[in-house]
Amino acid sequence: MPCSGIAVANGVVKSDVKEYIEKFGEEALAQLLKTYLSGQFSDLGEVRDVDLIGRHRRFQIPGVGLEIGNILINVNTKGRVTVNTKGQASYGDRQKVREIQEKITDALNTWGAVARQQDIISQIKAAGFEVTTQQTAHNGAIVIDVEV
Amino acid sequence: MKAKIVITLDGQISIVTQEGSFEEGKARIESLLAKLEVQGININLTNEVEQHRHDEDGNTVSGHVHSH
């Protein structure tokens, strides 16, 4: 069967997903995290905003501060994720802390990657190319048809 | 000229023209990449733009999209 592909280019986008996470801003990042954590860890209770204060109450820790159950979460727009208990660890907390940290890190990477995909498509359109169809594959890849 | 573009979550991108000659397709792809670079999207090509071939000779183009 003949193939309709004539010229092929394969490459890698240079920009890092962290650049896109940074562009979210703290407010949007907080909303994303609250929605995500409420869905993933509903067994731990409500997700609340908290001001995280550094040691000896000398400074406020920058980034998004959240609390769920007895677990504190700090995420900044550079993609740094800190999760711990409030010094009152119970049996199983260590595993839960690790699970939350890993899931948030994965979620940040996915959100940044999706934002990067959307940015590329936006820039293709902004460069004057018509995108006629857009689909998302099961693995998260976006497939578009473009008039080049 | 129609082209299919695949953008994966890990930042790989594949561009395949669907019609016309190889030379024309190569020129269109290079033009697209140049315009994207102006727009701030830099893409490191793993190879030069190449002519499509099937995998009978063992050469695989990763992320390649077939439309048939």
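Predicted model: local features only at pLDDT ≥ 70, side-chain atom pairs only at ≥ 80, totals over all residues.
**View 1. The bend in helix α1 of chain A.** The answer is A:Gly25, where α1(A) bends by about 100°. The helix covers residues 17–40 of chain A, 24 residues in total. A straight helix with 1.5 Å a residue would reach 34 Å, but the end C-alpha atoms of α1(A) are only 22 Å apart.

View 2. In general, an α-helix has 3.6 residues a turn, so residues three or four places apart point the same way.

**View 3. The side of chain B that touches chain A.** Contacts between the chains involve 51 residues of chain B and 32 residues of chain A. In chain B, β1 (2–7), β2 (12–17), α1 (22–38), β3 (43–45) and β4 (50–51) each supply at least two residues of this side. The largest share, eight residues, comes from α1(B). By type, the residues of this side of chain B are 19 nonpolar, 24 polar and eight charged.

**View 4. A strand pair between the two chains.** Strand β7 of chain A, residues 142–147, pairs with β1(B). The pairing is antiparallel and runs over six bridges. Within this view, A:Ile144 is found opposite B:Ile5, a residue of β1(B).

Technical notes: Residues numbered from 1 in each chain as written. Chains lettered and ligands numbered in written order. Contact = placed C-beta atoms within 7 Å. Helix = DSSP H or I, 4+ residues; strand = E, 2+ residues; numbered from the N terminus. Nonpolar A, V, L, I, M, F, W, Y, C, P; charged D, E, K, R; others polar. Pairing = 2+ DSSP bridges. Expected span 1.5 Å × (residues − 1). Bend = angle between axes of the 7 residues up to and from the residue.
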